[in-house]
Amino acid sequence: MKDRGKAEYFHGREKELSAFKELVEKAEKEKSGTIFLVQGAPGVGKSAFLEHCKGMINPKKWDVAEGDPDIFWNVKQMRRALRLGGQIRIFKAFAQLGIEKLIKFGAEFRWADKTIIGSVNARKKKGLLLVVDEVQDLGRKAAPPDKVSETMVRNVLNTMHNWKINKPFILLVGGLGMSKSVFKEYGISRFNDNCAFNLEKLDEKSERNILWDWIVKKEGVNKNNRKIGHWINEITNHTLGWPQHVTSYANVLSRYLKEHKGDLSEKGLKHVLTLGKAKRTNYYHGRIEELEGEERELIAQLLKEQKSRFSKNDIVFFFQNKLDSNESKNLFDRALGKGVFHQNQDGFFNVPVPSMKNWLLSEYGSVGNGNLHGGSR
């Protein structure tokens, strides 16, 4: 099962969607635009939100393009994302004559614009919604390779942020909790009103509506079936509003209902909950698969401190019980990049999914005794 992409059934996020709709309308009216950012922990539904926004766009008025974070400094990648053609444009309708005859007759040659913004402005007829997910990688895996490229990213983002594109334009970006900090590194310290949001877990109503749709709309269970409320109650005790978990359990439930013609006994419900928990655990394994065993144990020991949040210095200093300074900083960065840690709006860090924290403690918390007052070896 994918943990990203379009949600089969989408509910909630009304405030964020309303803000995006208002920005689209303003961009169309004023021939302007800016950056719209959603950030949050892994599995909170950022990619599903971006996909839903794409579906709100009128294709008669807007082009929609998608790219990776390197499009902000790699012109070739930007042109590919925008589906622009070759690098040479030939005018005066001599193309059928061949290059030599073109030169003889003095045909006009012009190189296509090789700048990032020039490429964005290449198509004048429609507005442009440019979608970039995992934008935090601009500070890591997709970071500009040199100072010239860094300056390019700074200038490109400044132009996109400050309404300097020559048509309706929105840069719609999603990323982990440190994404705002990455933008700050490139000079975007403040976003326009209602253009930056931290996605949190779903509210109870939205969570229940999603499960209802999986049961009634997808599997055709009679909506008057009195058992549906019970099934949903039991599942939400395990998903707790976390979209990735909701999807995991809903997939298992859907498959079971399909195999049993819409019926779910108590034994069957326990089976669904067991399989859903296994999918949830597999998801946690995926988040830490790049971390060594000792590193996982070290993170679990940190979590045994029972604090609800930590500063970066808290975490790095704690890691120095076992690792040197550079190794400690590296572990923090990797754990942050994988979403094991999440930066909250207050600048502090935590493990964003309570059930993941409990799982880490259960699996890796029985070794050693650390505290926040350690020192480097």
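A: Begin with a linked group: salt bridges join Glu51, Lys54 and Glu66 in a network. Here a salt bridge is a side-chain nitrogen of Lys or Arg within 4 Å of a carboxyl oxygen of Asp or Glu. This is a predicted model, in which local features need pLDDT of at least 70 and side-chain atom pairs count only at pLDDT 80 or more, while totals for chains, interfaces and linings use all residues. Residues are numbered from 1 along each chain as its sequence is written, and side-chain values use heavy atoms, with hydrogens and water left out.

Q: How many salt bridges does the rule give?
A: Side chains of opposite charge can pair when their charged atoms come close. In this model the count is 14 salt bridges.

Q: Which parts of the chain does the pair of lysine 218 and glutamate 8 tie together?
A: The two side chains form a salt bridge with an N to O distance of 2.9 Å. Lysine 218 belongs to helix 8 (residues 204–218) and glutamate 8 to the segment before helix 1 (14–30), so the pair ties together parts 210 residues apart in sequence. Helices are DSSP runs of H or I with at least four residues, numbered from the N terminus.

Q: What separates aspartate 213 and lysine 217 in helix 8?
A: The two are four residues apart, which is about one helical turn. They form a salt bridge whose closest N and O atoms are 3.7 Å apart. Aspartate 213 is buried, at 5% relative accessibility, whereas lysine 217 is exposed, at 58%.

Q: Where do lysine 258 and glutamate 219 lie?
A: Their salt bridge has its closest N and O atoms 3.5 Å apart. Lysine 258 is in helix 10 (residues 243–259) and glutamate 219 is in the loop between helix 8 and helix 9 (227–239), so this pair ties together parts 39 residues apart in sequence. Lysine 258 is exposed at 55% relative accessibility, and glutamate 219 is buried at 16%.

Q: Which side chain of opposite charge is nearest to glutamate 16?
A: For charge, Lys and Arg count as positive and Asp and Glu as negative, with His and the chain ends not counted. Glutamate 16, in helix 1, is buried without a salt bridge, and the nearest side chain of opposite charge is lysine 15, 5.0 Å away. Leaving aside residues up to four places away in sequence, glutamate 16 touches Phe36, Phe49, Phe197 and Leu199; contact means heavy atoms within 4.5 Å.

Q: At what angle do helix 10 and helix 11 pack?
A: Axes are lines fitted to C-alpha atoms over the stretch in contact, and angles run from 0 to 180 degrees between N-to-C directions. Here the angle is about 140°, with the axes 9 Å apart. Helix 10 and helix 11 are therefore oblique to each other; angles under 35 degrees count as roughly parallel, over 145 as roughly antiparallel, 65 to 115 as roughly perpendicular and the rest as oblique.

Q: Which residues meet between helix 10 and helix 11?
A: Helix 10 contributes residues including Tyr249, Val252 and Tyr256, and helix 11 contributes residues including His271, Leu275 and Tyr283.

Methods:
Buried < 20%, exposed > 50% of the residue type's maximum accessible area, 1.4 Å probe, protein only.
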